[in-house]
Amino acid sequence: MGRGPGAARPLTPGQWIYARTAEGSEARFGNLFSVRCVAASRVVILRRLDLPAPQSLTITTDLSSRAIPASGTLLETDPLLDAIAFSRGRFVVTMAGGSPLVVPAWPEAARTIEDCRI
């Protein structure tokens, strides 16, 4: 395994799916996590889908770790988005009340982030 975040833990089971939406695009990791581009406002929204109420998330990549607000909204220029897109193999999403997600860094998330930068 790699030396990135969560390297000692197995990946959370699931698959990424990318889709165009009326607002822009969205990448979903199963029914657990989403990366959504709102093209008109050039923001990316990160959200845990498996827990009931929005709370702050902590995203840990091999380059950085940071808590983000409950809205999950980041400007398309936020360096955390690059850290997710270029993470080595996986990144970890944690939120109070839920177990950590060890998510593979597949192209679908990076593609959604890039959609907000075009």
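So, a salt bridge here is a side-chain nitrogen of Lys or Arg within 4 Å of a carboxyl oxygen of Asp or Glu. Keep that cut-off in mind for Arg88 and Asp62, whose closest N and O atoms are 3.9 Å apart, so the pair counts as a salt bridge. One caveat before I go on: this is a predicted model.

That pair links distant parts of the chain, with Arg88 in the loop between α1 and β8, and Asp62 in the loop between β5 and β6, 26 residues apart. Arg88 is exposed at 67% relative accessibility, while Asp62 is partly exposed at 29%.

The count comes to nine salt bridges. Another one of them joins Arg20 and Asp115, at 3.4 Å from N to O. Arg20 sits in strand β1 and Asp115 in helix α2, so this bridge ties together parts 95 residues apart in sequence. Arg20 is exposed, at 60%, but Asp115 is buried, at 14%. There's also a network of salt bridges linking Arg42, Glu76, Asp82 and Arg117.

Okay, on to the rings. Which residues make up the aromatic cluster? They're Trp16, Phe29, Phe33 and Phe91. Trp16 and Phe29 form a tilted pair, 5.6 Å centre to centre with 55° between the planes. Trp16 is in strand β1 and Phe29 in strand β2, so the pair connects parts 13 residues apart in sequence. Phe29 is buried, with a relative accessible area of 0%, and Trp16 is buried too, at 5%.

Trp16 also pairs with Phe33: their ring centres are 6.3 Å apart and the planes at 80°, so that one is edge-to-face. Phe33 belongs to strand β3, 17 residues from Trp16, and Phe33 is buried as well.

How values were computed:
Residues numbered from 1 in each chain as written. Predicted model: local features only at pLDDT ≥ 70, side-chain atom pairs only at ≥ 80, totals over all residues. Heavy atoms only, no water. Phe/Tyr/Trp six-rings, centres within 6.5 Å; stacked < 30°, edge-to-face > 60°. Helix = DSSP H or I, 4+ residues; strand = E, 2+ residues; numbered from the N terminus. Buried < 20%, exposed > 50% of the residue type's maximum accessible area, 1.4 Å probe, protein only.
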